[in-house]
Amino acid sequence: MVGVGRLELPASWSRTMRATICATPRNSLFIISTAGWLVKELFRNFCDLGISVSKAKYNASMRVKTMKNYKLFLSAALFLLLTGCKLLLPNATAVLRERVREVICRDFDYEQAFETLGARLSDGAIIQTLGGGAERLPERTAPQRTPYTPKTLNDIIDERSRVLPENVVHAASATTTETDAEPKLPEAVAAFMERQAEYADKELPANVSCDFPELPFGFQSPVTGCTSSGFGFRLHPIKNEVKFHFGTDFAAWSGVDILSFADGTVSMVGWDDGYGNYITIDHADGWRTLYAHCGKVYVLSGQKVAMGEKIALVGATGEVTGPHLHFELTCAGKYYNPEFWLA
């Protein structure tokens, strides 16, 4: 046996036939051998198809086999056609192959093409061409809206003069709302605005609110005493400069009971150089109270307390000029004037 590539030639062939086969290029020889095998398979499948069709029962498996045969016949015919074109027209096949390779290997800048297309669409050139040069509608831009936030007490007074709230009356154990025929500014709010008139042009701190919302719980005064220094701008008694006071000071004798403003949970008991001994209590809906400059403290962090329960005694700890209670009311990081509810 004489081997040519992967093919072995029969020993019965003459020397001339062997020399002819060996001189044939290997790729052409492979194509010819493959074509012969396909012709043999086509003939065998035609025979099987004729036998199958002649049977009386033509079930689903036979239909599937018939479809497979059709696909095989179509593939074989396409292969023979391409093989014939390659063998009969080698020059034309080579030219076609080069053209296809050139198209596939072409270095085309698709990114630049899409950028050009996007620019044309933005300019409306394509739309004008398709629509007969119709004019483009002017683009609509949303108006820029800047939220209004009062900066000074004068801004708040002007705002409240345009939209007056309802008259709200608070009780120690319950909260009720009464609406007059002509709503007017609550007396506590009006008194605060009048007291702060000399500082009306000063800018309020961002974390201060002059609103008078309805508290979602019952409450009472945390101490028996009078207001010695109110909420808002004031001349600091120690630093002797105008600063904002974030709470209300209640003057009282040392040892007077300090009571919980409302039901809640003690969140902090600690010491601060400015506050001295202080307590914070968390109430419903995010409200919190702070009690500063305490003498003796009777509660612990995490302890639940009821409205009116004794939590400490009035003292003079921290940065003070005398015994008093510094009381703060906050919600969601905003400081509110306790006097609105305790007046």
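# Notebook: loops, bridges and rings

**Entry 1, Q220.** I looked up Q220 and found it in the loop between α8 (187–195) and β5 (226–229). The model is predicted. Is Q220 buried or exposed, or in between? Its relative accessibility is 24%, so I wrote it down as partly exposed. I also checked Q220 against L342. The two are 122 residues apart in sequence, yet their C-alpha atoms are 7.5 Å apart in space.

Next I turned to L82, which sits in helix α3 (residues 60–88). L82 is exposed because its relative accessible area is 54%, and the cut-off for exposed is over 50%.

How many salt bridges does the structure hold? I noted 4. Side chains of opposite charge can pair when their charged atoms come close.

I took R195 and E339 first. Their closest N and O atoms are 3.1 Å apart. This pair links distant parts of the chain: R195 belongs to helix α8 and E339 to helix α9 (residues 339–342), 144 residues apart. I then compared their cover. R195 is partly exposed at 37% relative accessible area, whereas E339 counts as buried at 14%. The limit for buried is under 20%, so E339 falls below it.

D257 and K310 form another salt bridge, at 3.9 Å from N to O. Here too the pair links distant parts of the chain, with D257 in strand β9 (residues 257–259) and K310 in strand β14 (residues 310–314), 53 residues apart. D257 is partly exposed at 34% relative accessibility. K310 is partly exposed at 37%.

I also logged R288 with D282, where the closest N and O atoms are 2.6 Å apart. R288 has a relative accessible area of 38% and is partly exposed. D282 is partly exposed too, at 28%.

How do strands β6 (residues 232–235) and β7 (residues 242–245) run? They run antiparallel, and 4 bridges join them. I found R234 opposite K243 in β7. The two strands form a hairpin with 6 residues between them. In the turn, N240 has a positive phi of about 55°.

The largest nonpolar core has 40 residues. Which of them touch the most other members? I listed I258, F261, I279, Y291, I311 and W341. Among the elements that give two or more residues to this core are α8, β12 (287–297), β14 and α9.

**Entry 6, aromatic rings.** I counted 18 aromatic pairs. One of them is F192 with F231, a tilted pair with 6.1 Å centre to centre and 50° between the planes. Why does this pair tie together separate parts of the chain? F192 lies in helix α8 and F231 in the loop between β5 and β6, so the parts it joins are 39 residues apart in sequence.

Y199 and F233 make another tilted pair, with centres 6.0 Å apart and 40° between the planes. Y199 is in the loop between α8 and β5, while F233 is in strand β6, 34 residues apart. Y199 is buried, with a relative accessible area of 13%. F233 is buried at 10% relative accessibility.

How values were computed
Residues numbered from 1 in each chain as written. Predicted model: local features only at pLDDT ≥ 70, side-chain atom pairs only at ≥ 80, totals over all residues. Heavy atoms only, no water. Buried < 20%, exposed > 50% of the residue type's maximum accessible area, 1.4 Å probe, protein only. Salt bridge = Lys/Arg side-chain N within 4 Å of Asp/Glu carboxyl O. Pairing = 2+ DSSP bridges. Core = buried A, V, L, I, M, F, W, Y, C linked by side-chain atoms within 4.5 Å. Phe/Tyr/Trp six-rings, centres within 6.5 Å; stacked < 30°, edge-to-face > 60°.
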